[in-house]
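Subject: Structure handover

Hello,

Here is the structure I promised to pass on. Please open it alongside this note.

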2 protein chains.
Amino acid sequence: METPLRGAAVIGQSGGPTVVINQSLVGYVEEAVQADAVTRVLGARHGVRGVLDDRFVDLGRESRETLEAVARTPAAALGSVRMKPTAEDVARMVEVFRRRDVRFFFYVGGNDTAETAHIVESQARELGWEMRCFHVPKTIDNDLRVTDHCPGYGSAARFVAHAFQGDDRDNRSLPGIKIDVVMGRHAGWLTAASTLGRRSVEDGPHLVYVPERVFDPEAFLAAVESVYREFGRCVVAVSEGIHDAEGKPFLQTYAERMGSVLAGQRDSHGNVQLSGTGALGDALARLVKEHLGDVRVRADTFGYLQRSFPADVSPVDAAEAREVGRAAVRAALSGEHASGSIALRRLEGPAYACETFVAPLSDVARVTKDLPEEFLDGEHDVSPAFRDYALPLVGEITPMADLEDVPA
Amino acid sequence: METPLRGAAVIGQSGGPTVVINQSLVGYVEEAVQADAVTRVLGARHGVRGVLDDRFVDLGRESRETLEAVARTPAAALGSVRMKPTAEDVARMVEVFRRRDVRFFFYVGGNDTAETAHIVESQARELGWEMRCFHVPKTIDNDLRVTDHCPGYGSAARFVAHAFQGDDRDNRSLPGIKIDVVMGRHAGWLTAASTLGRRSVEDGPHLVYVPERVFDPEAFLAAVESVYREFGRCVVAVSEGIHDAEGKPFLQTYAERMGSVLAGQRDSHGNVQLSGTGALGDALARLVKEHLGDVRVRADTFGYLQRSFPADVSPVDAAEAREVGRAAVRAALSGEHASGSIALRRLEGPAYACETFVAPLSDVARVTKDLPEEFLDGEHDVSPAFRDYALPLVGEITPMADLEDVPA
C-alpha cells in the first residue's frame, strides 16, 4: 500500500488520435470531480508539452453537456503531442506539478506514452515529490502488451471492416485488382480487421499481408495472380508496415530501387513515416501492373480516416474507453499502486464482457504485441480464432447481400 | 404520345458505383413487377456487356427480403461496366432485345450512361424495334445537367463531410498541414461537400480547390502558408481534377516536370486515371514541404471509400435513389415519352422536398454541370448558398465539440 495522497489531478493525451480518446478524458473527469482527494481536475494542453508550458484547462468547470459532446468528438480534445521528454524535461514537469500541487497524473496513449508515465513517476519520486502516475491505454494499433485489447481499436477495426465490405462490392461491380493499405506499423491487428465483414472465400480481402510475416514481392505477385485467375478479381489488404526478412520496410527497399524521392521523415520516437502518403499502395499497384499487364489495378490508402472518422464508432469501444478513464482515477485513489497501466481482461462466459485491472507500467512501456500465431492462417490470411476475438469489439456488422441471381 | 408497349423490361447498371445504386434497382423491380405491360422483370449483368452476352437475371423472382438487403448493399448488384457501345454493339443489343421481346430498357449511371440509352433508343427505332429507353441518374459527382442533384451524391457528400470533420479534429490534435484529395474529375461538387461540417473559419478545410477554378501552384502555396501562419495548421480539400488554365491536370504537369512513371491509364471513354492512386496528394505534399520546410505535412486520398463505404448512407439519398428507379418505370409505361432521363426538381417551401420529372436524354447525355459561380467564394472556398443547397441532401451532421477551455 502507498500513502494516500491529496492534490490536483492532471490528464494529458498523447500520440495518434482515435475516435474514442475523449471518452477516456470524460471518464476521468466524471470520476475525478467526485473524489474528495482530488482538489482540482485539470487537463494539460498537448500532453507533456502543456505540462512543460504550464498550459492547463480546468476540466472541473466543463458542463455535463459539453463533456458528452466532446466524448463523441474524435481526436484529442486537449490536443496531442509526439514527444519523448528528456530527463531535464521531466525535472521541469515535476517542478510544475509541485508548484500546482499535482499528485495525480494520467497519460492517455500507446506504449510510448506508458513509458513517459513510467519515467515521470520514478523521476518525481527521486526528486522527492510523491505522485501517482497512470497510463490510460489508447491506440488503434491494438499493440499494447498485457491488455486483451486497446480502446480505440474497436472503432478503427469497425471502420476498416466496413471499408473492405464496401470496397469488395465496388471491386465485384467493376472487377480488377484492388490494393488497400491499412495502418499498423509493427502489428497487423488493424489489417486483420479487414476480414471481419467477409461471408465466404469469394468475398475480399482475398489476401491479407501483415507485418508479422515477411513480405516477399514475388510470392505476393504469384498470390495475386492466382486469386485473379480464380475469381477474375482480387482485393488485397496490406499493412503499411510490411517488410523483408531483415525488417526493412518494403517501401524503403522499393524506393531505393526506383531512386524515388520519398521524404523518409521520422518522428521524435525514431519511427519512419509510413502514414499520410499513398506511396506504398502505388508501388504495389505498379508491381502488379508490370506483372499482370493489361489488368485494372487500383490502390487506396485508408490513411487518417481509420483513426478519425466520426460517423462509425463501435459502441462497445466507446463504452470501454469511458471506463478505462474512470478506472484510472479509481486506481490512483485506491492507494494500491504508485503507478500502472489500465488494462482490460476478457471474462469467461457466453456473452462478451471485460473488466479493468492495473498492469505494471514496465510491462506495457516500449514493447508492443504482435498478432499471435493462432490468429494467422498461412502466409496471407487470418484465422477464425482472430474473428472470434475481434468481432465483439467492433459492434454489429451488417452483411453485404447478393441477388439470388436466377438466370433468365 | 407514344404507342403503349407491352413486353419484357431490362435494367443495367453502369459506371462507378455508389452506395445507393441498388436502391434504384429495387425501386425499378418494385414498380415493374406490378405493371401489367411488363411481362418479365430482368436485369443485365454488367450493363450493356450483359445485354451483348445475353446474361440476364430474373429480378421478378427475387424475394422481398433479398431485395431490401441488396438495396442497402453498396455498388452495382448486377455488376457494372465502363463501356461505350459501338454502332455494331448497339445493333447486336437490339437483336437481343427483339429476341427476348424487351420493350423497356433502363440504364442506371452518369452522363455517359445517358448517352448510351439515347443511342440505343434511336438505333432500335431505326432498326424497326420500338422501345422505351430511360436513364436512371446515379453519380457521386453530382454533375448531371437538368436535375437538381444526383442520387449517390448525398451519401458521398455525407462521407466527405464526416471525413473532413474527423480529419480536422485530427489536425487540431496534432497540428500541421493536411491535404485531402476528393473525387470529382470535372466538377467540384464532392470537394465542396468537405465544408458541410464546418462551424467557423477556424474549422477545416481552410482551403478548397475545385476544378471550376484554375489551379495555380504558387497561389496555392501562398494560401497554405497564410493559413498556417494564422492558425498554426491548415487542412486543404483538393479535387482530383485540379488543372491549369489550359485544362491540363496538375498531376500530369507535375509528373512531366518530375519525370515520374505515372501510369496515365485511360478508360474507354478517354478519361485519364485520376482515381485509385495517391499520386496527386503526395505531389502537393511534396510541394508544400519544399516551400515551408520543417513543417508536418501529410496527404490522404479518400479514394473509393467515398463511393462505397456502407456505414454512412444519407437517408434522403437512399429514399430518392429508390424513387428515381420507380419513377423511370412509371415514365416508360406512361406512353408520354419514348425516352428520357429521370430528374429531380426541388420544391418551394420551408422543408426540403423534391419531385421527379422526365428530361430529354439529349439534355443530359455527354455534357456535365459544374458548380455555378454563386456556389463559389473567391479562389479557394465555397459560399453559404452551396451549404443551403447541399445540407438537406446529406442528412443530419453532428457538430464536433470543443472544450469550453477554462484556463487553470
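Below is what I found, topic by topic.

This is a predicted model: local features need pLDDT of at least 70, side-chain atom pairs count only at pLDDT 80 or more, and totals for chains, interfaces and linings use all residues. Residues are numbered from 1 along each chain as its sequence is written, while chains are lettered from A and ligands numbered from 1 in the order in which they are written.

The sheet. Chain A has an open sheet of seven strands, in the order β3-β2-β1-β4-β5-β10-β11, with mixed pairing. Helices (H or I, at least four residues) and strands (E, at least two) are DSSP runs, numbered from the N terminus. Two strands pair if DSSP finds at least two bridges between them. The edges are β3 (56-58) and β11 (354-359) of chain A, each pairing on one side only. β1 (7-13) and β4 (102-109) of chain A pair in the parallel sense over six bridges. There, V10(A) stands opposite F105(A).

The helix pair. α4 (87-99) and α5 (111-126) of chain A pack at about 70 degrees, with axes 9 Å apart. Axes are lines fitted to C-alpha atoms, for helices over the stretch in contact; angles run from 0 to 180 degrees between N-to-C directions. α4(A) and α5(A) are therefore roughly perpendicular (65 to 115 degrees; under 35 is roughly parallel, over 145 roughly antiparallel, the rest oblique). The contact residues divide into eight nonpolar, one polar and no charged. Ala, Val, Leu, Ile, Met, Phe, Trp, Tyr, Cys and Pro count as nonpolar, Asp, Glu, Lys and Arg as charged, and the others, Gly among them, as polar.

The interface. 62 residues of chain B are in contact with 62 residues of chain A (C-beta atoms, placed from the backbone, within 7 Å). α6(B) gives the most to the side of chain B that touches chain A, with nine residues. By class, that side has 26 nonpolar, 17 polar and 19 charged residues.

Backbone points to check. A cis peptide bond joins G204(A) and P205(A), with omega about 0 degrees. Another joins G204(B) and P205(B). A75(A) is not a glycine, yet has a positive phi of about 70 degrees. A75(A) counts as buried, with 27 C-beta neighbours inside 10 Å. V146(A) also has a positive phi, near 75 degrees. V146(A) is partly exposed, with 18 other C-beta atoms within 10 Å. The cut-offs: buried is 20 or more other C-beta atoms within 10 Å, exposed 12 or fewer, partly exposed in between, with C-beta atoms placed from the backbone.

Best wishes

Conventions: Two residues are in contact if their C-beta atoms, placed from the backbone, lie within 7 Å.
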